[in-house]
Amino acid sequence: DGRNPNVLYELGLAHGLGKQTILVARKPEDVPFDVRARRLVLYGNVADLRSKLRDEIARSIIVSSRREA
């Protein structure tokens with residue numbers, strides 16, 4: 001199916017360590033159902049991905065800085 005099983009292992013490690021993650025996929029069906037509730041960026045093309053990922057990273061930085069304050 002083209003998925004990289006190491007991604008789920010790495011996602012589990014990040015979750016266990018309390019690290020923020022952003023999943024990226026073209027369609028929801030590309031992401032296992034049990035992790036779809038996590039932060040997920042869906043995109044149609046590279047330009048769309050670039051824009052959405054930039055916004056999501058900025059949002060993540062803002063949330064992180066508020067937690068530290």
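Lys-52 and Asp-48 sit 4 residues apart in helix α2, so about one helical turn separates them. They form a salt bridge, with the closest N and O atoms 3.5 Å apart; the term covers a side-chain nitrogen of Lys or Arg within 4 Å of a carboxyl oxygen of Asp or Glu. Lys-52 is partly exposed at 36% relative accessible area, and Asp-48 is partly exposed too, at 24%. (Buried is under 20% relative accessible area, exposed is over 50%, and partly exposed is in between, using a 1.4 Å probe and protein chains only.)

Keep in mind that this is a predicted model, where local features need pLDDT of at least 70, side-chain atom pairs count only at pLDDT 80 or more, and totals for chains, interfaces and linings use all residues. Numbering starts from 1 along each chain as its sequence is written, and side-chain values use heavy atoms, with hydrogens and water left out.

Now for the rest of the salt bridges: a search of the whole structure turns up 3. Glu-56 pairs with Arg-39 at 2.9 Å, N to O. Glu-56 belongs to helix α2 and Arg-39 to the loop between β1 and β2 (40-42), so this pair ties together parts 17 residues apart in sequence. Glu-56 also meets Arg-59, at 2.8 Å, and those two are 3 residues apart in helix α2, about one helical turn. That links Arg-39, Glu-56 and Arg-59 in a network. Glu-56 is buried at 11%, while Arg-39 is partly exposed at 26% and Arg-59 is partly exposed at 46%.

Leaving aside neighbours within four places in sequence, Ser-60 is in contact (heavy atoms within 4.5 Å) with Gln-20 and Arg-39. Ser-60 is buried, at 12%.

Zooming out, the chain has 2 helices and 2 strands, running α-β-β-α from the N terminus. Those are DSSP runs numbered from the N terminus: helices are H or I with at least four residues, strands E with at least two. Buried residues make up 17% of the 69 residues, and the C-alpha atoms fill a box of roughly 45 × 30 × 15 Å along the principal axes.
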